[in-house]
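Please keep the sequence and the structure in view while reading.

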Amino acid sequence: MAYGSIKVDNIIYDDSGDVTLPISSIQSSISGILTVTGDIKTTGGDVVAEAGVFVGTLGAAATPTYTFSGDNNTGLYASAADQISITTSGTAKLTVKSDGKVGIGTTAPDMLLDVTGTVTA
């Protein structure tokens, strides 16, 4: 079922089943619902969602789910169910657990604020 239209010249469909839509060839935008089974990969541009939700894998400190261009070991990832972590240089730096406990320098905080290392005030 189609919910809109798109005109694309030079669609590339390879033997693996991948489809490439050269963005410079798009003549109009997609409106309505676009359902993709599999991965969506973009190169050379930003992905923007309006009133949408991005869903990713849990990830890991060295390979966070959400990263930045040119710095793929820094970002956000779910280190466990209902838990989120921030990583830089492939090492978890801050973790928030489902019970609200926050860990700085630890991924397993035992207190409301659990800091591993020296704190200077």
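## Secondary structure

Strands, as the term is used here, are DSSP runs of E with at least two residues, and they are numbered from the N terminus. With that convention, the pattern read along the sequence of this predicted model is β-β-β-β-β-β-β-β.

An open sheet is formed by 6 strands, which lie in the order β3-β4-β5-β6-β7-β8 and whose pairing is mixed. At its edges are β3, covering residues 66-68, and β8, covering residues 113-115, each of which pairs on one side only. When direction is ignored, neighbouring strands of this sheet are turned against each other by 20 degrees on average.

In general, the strands of a sheet pair through backbone hydrogen bonds, and the sense may be parallel or antiparallel.

## Surface, burial and contacts

Of the 121 residues in the protein, 14% are buried, where buried means a relative accessible area under 20%. The protein exposes about 9,400 Å², and 55% of this area is supplied by carbon and sulfur atoms.

Among the contacts that link residues at least 6 apart in sequence, 10% join residues at least 24 apart.

Methods
Residues numbered from 1 in each chain as written. Predicted model: local features only at pLDDT ≥ 70, side-chain atom pairs only at ≥ 80, totals over all residues. Heavy atoms only, no water. Pairing = 2+ DSSP bridges. Helix = DSSP H or I, 4+ residues; strand = E, 2+ residues; numbered from the N terminus. Axes fitted to C-alpha atoms, helices over the stretch in contact; angles between N-to-C directions. Buried < 20%, exposed > 50% of the residue type's maximum accessible area, 1.4 Å probe, protein only. Contact = heavy atoms within 4.5 Å. Areas by Shrake-Rupley, 256 points an atom, 1.4 Å probe, with all protein chains shown as cover.
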